[in-house]
Amino acid sequence: MKALFVAAVALSAIHTAWGAQPLLTPAQLQPLLKKPDVRVIDIRDAKSFELGHIAGAVNAPYGKWRGPATNPGELPDQAKLTQLVQSLGLTPQTHAVVVSNGVDATDFGAMARVYWTLKSLGLTELSIVNGGMMEWEKSGQSTTQAPTRVQPSAYAPTFNAEWLATRNDVRQHIDLSNAALVDSRPDAFYQGKTRAPAAKVSGTLPGAQQLDFNQWFQPGTALFVDAQKAKSVAAQLQRQQGQDTVAFCNTGHWAATDWFGLSEVAGLPHVRLYAGSMVDWTQSKDTPQMAHQPSRGESLAYDARRWWDRTFKK
């Protein structure tokens, strides 16, 4: 029995060693490009892609992975996601590597959000190019303007909601106080001093802790920290053992970075993403529960300033 246990542990270690790493440097990605099951997904706009991309990469602009302007964090419907995945030639066996511009910490959220979506669609071998295309070119790696043609797949994914939190889930967590709610936004949003254009109310979720997404990056760069530093960032959270952690922001973009850091790099279990986040929450027909909500007078003054800026500062 002991020998079987040791063998199982060894096999598990081997699998972990062979599994895709959530973050890849350009030098780590380069030799992987020769493998037929590796597919680089470039989520920049089409023009940027055409000007130069990693050889063999396919283009799937970030907007295709997002919802409408009224609720951008909302997931596209299953039919659109299936069509997108098939057009990229993806299957459960594909090692999908996501890359974007890499211009700043906010841009990383796009890669993290696509990574989260692909994981929810059944892909298990996933990576992000740390630093994006800026780091790829900075490290001296080559690009090409040659178009990439791939054979569409017949993969029909089923969305796994294990890493998704819905509005109803969040409402129950608030009522039962049984989850760590994590606001990924900077101070001005968390404190209710500003809000996203599509959000109807300023403030945060009741009982939410703040974990500004900017903390996951090496100072002054768009490079994600290593696993040791990520664990120290994650240690800031207060969470009872066994509880879910739910990351949210304005539209599930910055929160995707918190989800990625907590779940994929720091290795915390039961981390979920409220994809619609505060835009979705504040669009509820019922009066949404809020904390750090400004007074009615402050809200009216804020709306007046926004109207003035839109009207006269174009």
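Modeller: Rings of Phe, Tyr and Trp (its six-membered ring) pair if their centres lie within 6.5 Å; planes under 30 degrees apart count as stacked, over 60 as edge-to-face and the rest as tilted. The model is predicted, so local features need pLDDT of at least 70 and side-chain atom pairs pLDDT 80 or more, whereas totals for chains, interfaces and linings use all residues. Residues are numbered from 1 along each chain as its sequence is written, and side-chain values use heavy atoms, without hydrogens and water.

Biologist: Which residues do ring pairs link into a cluster?

Modeller: By this rule there are 11 aromatic pairs. Ring pairs join one cluster made up of Phe 108, Tyr 115, Trp 216, Phe 217, Phe 224, Trp 259 and Phe 260.

Biologist: Is the pair of Trp 116 and Phe 159 stacked or edge-to-face?

Modeller: A pair of aromatic rings is described by the distance of the centres and the angle of the planes. Here the centres are 6.1 Å apart and the planes stand at 65 degrees, so Trp 116 and Phe 159 are edge-to-face.

Biologist: Is Trp 116 buried or exposed?

Modeller: Buried means under 20% relative accessible area, exposed over 50%, and partly exposed in between (1.4 Å probe, protein chains only). Phe 159, at 22%, counts as partly exposed. Trp 116 has 0% relative accessibility and therefore counts as buried.

Biologist: How many residues has the largest nonpolar core?

Modeller: Such a core is a set of buried Ala, Val, Leu, Ile, Met, Phe, Trp, Tyr and Cys residues joined through side-chain atoms within 4.5 Å. Ile 41, Trp 65, Leu 118 and Phe 260 have the most contacts inside the largest one, which has 55 residues.
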